[in-house]
Amino acid sequence: MIALKLVTIICEAHARKPLTELLRDVGARGWTAFAVEGNGDKGPRLADIPETANVQLQVIVRPEVAITLLERLEREYFPRYGMIAYASDVQVIRSGKF
Amino acid sequence: MELFDAVRANLLSPAVLFFALGVLAAVVKSDLRFPEQLYAGLTIYLLVAIGFKGGVAFADAGFAEVWLPAAAAIALGALIPLWSYPILRFWGRMSVVDSAAIAAHYGSVSAVTFIAATNYLTAVGQPFESYASAFLAVMESPAILVGVLLGKRAVPKSGLPALTGSSRQVLHEALFGRSVVLLVGALVVGGLSGAGGMAKVEAFFVTPFQGVLALFLLEMGLVAGRRLGELRKVGVFLLGFGVLMPLVHGFIGVVLGHWTGLSLGGATLLGVLAASASYIAAPAAIRLSLPEANPTLSLTAALAITFPFNLTLGIPYCLAVARWLYTP
């Protein structure tokens, strides 16, 4: 078992493609995305059509990558898109995959 | 009188009535909800059906007949933002980026509005050039490009670093976005397979078309209705803009169609395309390239004001203008 960071990003669907570019850029080797809906400080995000839905991206990375990722999110993406991001500790097996 | 009859024929069509039902269901907060996958599936069906039919007609008419109105459609799409921008900027006192973003939405087009217009023309027995769906395909992107340029040129450096590969993504979306691929692809397939191919798929793509459209508009009524609350946020100016610009653009589109040799029905469709505003392709491109723009303003104007207006009144208005123009 090895300790890594799980970074979760919940964002508007329009941010999905640009975000996957960023994930590649910082060196994340894989990620998972799914459509979600919910409420934010600007009211409900209607998930009735794909274009206005929310997307949750999850990526497991090394701690130093998580810091780069969160810093770049704050600088480049938060001013542009509706989104939140957070990191949590996870224990993984098969550490070579990350 | 002519306008009144044209409007009544439209308002009592199943498609528009189902749209109204959707709006009503959203307003009373019914739990009625379409699965997202059904929405995506119906979109694919409608775009393929309209593209295929257009392709068959395109092959029949030949390039010589189509290129001039198609060029007019592209030019109109690119020009609409150029006069919409100053109106928004100086009369509406909107910021530079918001003006550019909204101008891009209004120059680009709404496929559903176009499809509803072909349905309406069929219902009132007005023949039209089916290859007009090629105009729909070529009018989506030029306005977005012009709007982005307007916004970029005028924005003082915001200090935001550029996103990795964002201009490549905008270009990729404009050329290979799913609506472009479906529509252009179906046009080519229709053109290659011709009338013989049409006979094979007619039972699926033509006969059930009106029913599918009615179902889709029920969903669009829900989508538009849920956003009516946003109207409070956009202000009186944008409300007026969302209703008056379709009238002006519809008129210009019909006149251009007349000049470039389209029939009465074809000119009506070019008018409807000019009058419509994009709420799928434009928001995606603008979010990427003009992130400072407020998406609530442009999306609410296009989706909650202009789309319902065109669906109910704008389409019969364009037909009435065309009938007036084509009367010797």
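**Chain B fold and the A–B interface**

In chain B, 89% of the contacts with a separation of 6 or more link residues 24 or more positions apart, a contact being defined by C-beta atoms, placed from the backbone, that lie within 7 Å. The model is predicted, with local features requiring pLDDT of at least 70 and side-chain atom pairs pLDDT 80 or more, whereas totals for chains, interfaces and linings use all residues. Residues are numbered from 1 along each chain as its sequence is written, and chains are lettered from A in the order in which they are written.

Chain B comprises 15 helices and zero strands (DSSP runs numbered from the N terminus: helices are H or I of at least four residues, strands E of at least two). Along the principal axes, the C-alpha atoms of chain B occupy a box of roughly 60 × 45 × 45 Å. Of the 328 residues in chain B, 52% are buried (20 or more other C-beta atoms within 10 Å of a residue's own; exposed, 12 or fewer; partly exposed, in between).

At the interface, 15 residues of chain A are in contact with 19 residues of chain B. On the chain A side, helix 1 (16-26) and helix 2 (63-77) each give two or more residues, and helix 1 gives the most, with five.

In the loop between helix 2 and strand 6 (83-92) of chain A lies A:Gly82. A:Gly82 has 17 other C-beta atoms within 10 Å and is therefore partly exposed.

Methods. Two residues are in contact if their C-beta atoms, placed from the backbone, lie within 7 Å.
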